[in-house]
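Please open the model in your viewer and keep the selection panel at hand.

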Amino acid sequence: MKSNVADDVLRCALDLFAEQGYANTSVQQIVDAAGVTKGAMYHYFTSKDDLLFAIHERMLSHQERRLDEITAAGGPTEDVLRAVCEDVILSSIAHLAEGTVFFRSRHMLTPERRAEVKRRTREYHEKFAAIVDRGKTEDLFRVDISTSVLIAHFFSDVHYLPQWLDTEGPENRSEVAAELTELFLRSIRRIDA
């Protein structure tokens, strides 16, 4: 079966960025590892910057698609938020290397790409915020703390996963997702409820 050149290049770039850092990885090293020519790589990616952006784009697109699917299925607000939280944690664990490389190197993106990442992330957070806000109007969640702070609180745990989670360790991924989600939901439920 013929492999997909773009996927091979991206996988090799990710491995090299994770091993030796974005700044220390050359395009030549990437194409050598992928077993392709520079011309083949440039057919899919215009630069190293394009590769780093694609790493983030694939992960964010997947998470956004899943958020849309979960919210479209409907259900009680807290159940929807629980499902979204668990899903984003599980997908972040599944793509731990991508998240680690991206957060370590995103400051090296071009200003245009950084702006695009910020825009896409804001779109995702706005969809997430809509669920939290719906819960606030239903008197489920705290109104004494702004939605943006509640969202930052949740995603700080998600972004911290690469610092402590050993994917080869004893932690069960589903249990980690369920436990972090439960901690978050407990922290945002109305105090007087």
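Begin by selecting His56, Met59, Gln63, Phe103 and His159, which lie nearest the centre of the largest pocket among the 22 residues that line it. A pocket here is an open set of points on a 1 Å grid over the protein atoms alone, where a 1.4 Å probe fits, with protein on both sides within 12 Å along at least five of seven lines, and lining residues have an atom within 4 Å of a point. This is a predicted model, in which local features need pLDDT of at least 70 and side-chain atom pairs count only at pLDDT 80 or more, while totals for chains, interfaces and linings use all residues. Residues are numbered from 1 along each chain as its sequence is written, and side-chain values use heavy atoms, without hydrogens and water.

The largest pocket has a volume of about 340 Å³, a volume being the space filled by probe spheres set on the points, which are joined across faces, edges and corners.

Next, select Asp7, Leu10, Arg11, Leu14, Ala54, Ile55, Arg58, Met59, His95 and Glu98, which line the second largest pocket, where about 170 Å³ of space lies.

Just after H2, select Gly35, whose phi is positive, about 70°.

Notes: Helices (H or I, at least four residues) and strands (E, at least two) are DSSP runs, numbered from the N terminus.
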